[in-house]
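Welcome to my notebook. I wanted to see how two chains meet, and here is what I looked up.

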Amino acid sequence: MRKIILTLMFWLTLSLSASANLQQQIDEAEPGATIEVTGEHSGNFLITKPLTLIGKDATLRATGMKPALTIDNTQDVIIDNFKVIANQRGIVVKDVDNARIVNIAASDMLIGIQLHRSKNIELAYNSIEGTDAHYAKKGNGLALFQSEDLHVHHNQITKVQDGIYIEEIQGIHVHDNTVTNSRYGTHFMYSDAGLVENNTYERNVTGLMVMMVDGFTARYNTSRYHNEMNGSGVLFYDVKNATLAHNTISENRLGLVLQKCDTVRIEDNEFLVNQTALEATRVDDVSLVMNNTFIGNILTARSDKEGVTLYANYYDDYNGIDADGDRYGDTPYTAYSSFGQWMVRQPAYQYFVASPSVELLTVLDQQTPVAQHMLVDDKPQMIKNEAHMMGINYAQALLGGLLLMSTLIVWRKGSKR
Amino acid sequence: MMFIKLEWKQMLRSRWMQMVGVLFTFVFTAIVVIQQMALPETEGFSRQTASFLNLLLFLLPLFILTIGSMSVASDIESRWLSLLKTYPLTMRHYILGKFIATVFAFFLIVIAAFSVVLLLGGFLGGVTLPPVFIFITVASIFIFSALSVVVGVIAKTRLYALAVALIIWSLLLLLISYALMAIGTVVAGHVLQKITVVVIHLNPVEWLRFGYLLFAEQASVLGPSYFDLIAFYNSTLGNIVYFAVTIAWVIVPLALARLLITRKGKEA
């Protein structure tokens, strides 16, 4: 009997769709009802009861500066498959328990989805695109405040201030998101028990920014192409009890920046072709950088005088040998570079990075006594270096051959008596 | 024209020039191929790019300054220049001839090196020689060929020319940078930044390096302290200024060389 009533209710609500005013439909719907929405609806819609809104080629357009949709002081809400157009905020969720907001496409707004004081919220498969304005004039893709148990996944976010901004959240799982061309990919502030995995951050100012957090894990993320003036792949500031593992951090100005960190473990990550792979200042001696792979970085590590503990990492510029066959180098690896230390103290020195004079200086550094105890890895890993063989490029080889022959002919002809 | 041909022929016949050609090609190819095999492909400023650039800035100025200056000094020392003066050849043509012959000879060396890189790189799946890198190579040949002519004119003998060339090379490549770094330990950061900006314009090595990073869109590698400088040189006006200063680095040494050699002739 209950089933029949529910089915009747469903068909009744369905028949109302698209014709009546959407806010009226929401107000008139029974708690727990499902409304199927089609077409474009202008206004500032408000949900204050358990409800499911399913869009079928539907658009919510905000009027004025208010959000297109506000979900306030309720529970069990599902918003699925809407295009949202707003001047300021697309969707605002306040004091809600248990909600799913999925398949939202928002563009040209200030903030995509904003969340306050809510619990058990899933934000997934949303696509948020900001504007080309300066970061200072943009808002965040997903702005999450003072909430608990959030699940944020498979979102595509671009051209916003911070892709996913997380402040005072207890328990959040952020995974499989992609954030590009923004200020920070994911920005954690005062939020504990966060897990960030399988995300991709590209061409932001900083990929993953974690500030004032106690208890945090980031793993299997990719952070690359962060090469702006202040760019970095991952930055930890005032972070305690955190783990950064199995991430790929490549082609950034600074790969990983650790500032004022306690009990941080950096392990099994790949640092590839960064300008500086690791910068550490005010890091405690319990924190550990171990089992990472450093390949093709201009400068492996730089730090303040406190340094950072390096252990059993692989460095492609390590010159030692493994005579005893224990898979570790017999002599320590020294990441210390005078120039790297100067850069930490005085940013103007950065002009000389990788310049001919500094290259020579770095070679000389290896001979100095100070190099024996700062940024030293006593047990550098020895890994078989795999050459990148990619087959033959016949066109290029032919061009090179022809060019070489022509050069030699010109040389010979030119030098004939 | 005849004089250029003659100079060009002499340059190519020179054993030293041939050795330099082989050495440059060997070192350049070795570094490119080893890095190609060892490092993942990248699109930004990497250790591979830095190696290319440093090799270029280390070797080309050294070879051009020494060979170019000794070529001019040899003419003075052997009195070949005095003989040339009896022909209808002005000092402007002499200076230009020396400059053009040096430029062409080094073009040939660089093309040989690039072609070996392409040839071997082709067997490794292909290497990339960015257009900016080629542009900076060409610019460095022009600038240091002009400078080498001045050094040759200043020197009285080949040995003297070699010594002066080496001093100038080490100053431009290393000593000025080290002096700046030392100054940075006693002055404030903004002062160091300003001195560095001045030095970028006054040191052709730094100018070329800065140009490479600028046009390869990798200038952020220089850090936030140079934001204003980079922003200016990324503008259209900045681009024009860059090319104007680069041309000045060719024309001013050549004009100076002509002035000095004319004065020397009068004194003689």
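The entries below go from the interface to one residue of chain B.

**Ground rules.** I am reading a predicted model, where local features need pLDDT of at least 70, side-chain atom pairs count only at pLDDT 80 or more, and totals for chains, interfaces and linings use all residues. Residues are numbered from 1 along each chain as its sequence is written, chains are lettered from A and ligands numbered from 1 in the order in which they are written, and side-chain values use heavy atoms, with hydrogens and water left out.

**The interface.** I looked up contacts (heavy atoms within 4.5 Å) and found 55 residues of chain A touching 64 residues of chain B. The buried area, meaning accessible area (1.4 Å probe) that two parts lose on being put together, summed over both, is about 5300 Å², with 65% from carbon and sulfur atoms. On the chain A side, Met229(A), Tyr351(A) and Trp411(A) lose the most area to chain B, together 17% of what that side buries.

**Salt bridges.** I searched for a side-chain nitrogen of Lys or Arg within 4 Å of a carboxyl oxygen of Asp or Glu, and the count between chain A and chain B is 0.

**One residue in chain B.** I then turned to Ser74(B), which sits in helix α3 (residues 47-77) of chain B; helices here are DSSP runs (H or I, at least four residues) numbered from the N terminus.

Note on methods. Helix = DSSP H or I, 4+ residues; strand = E, 2+ residues; numbered from the N terminus.
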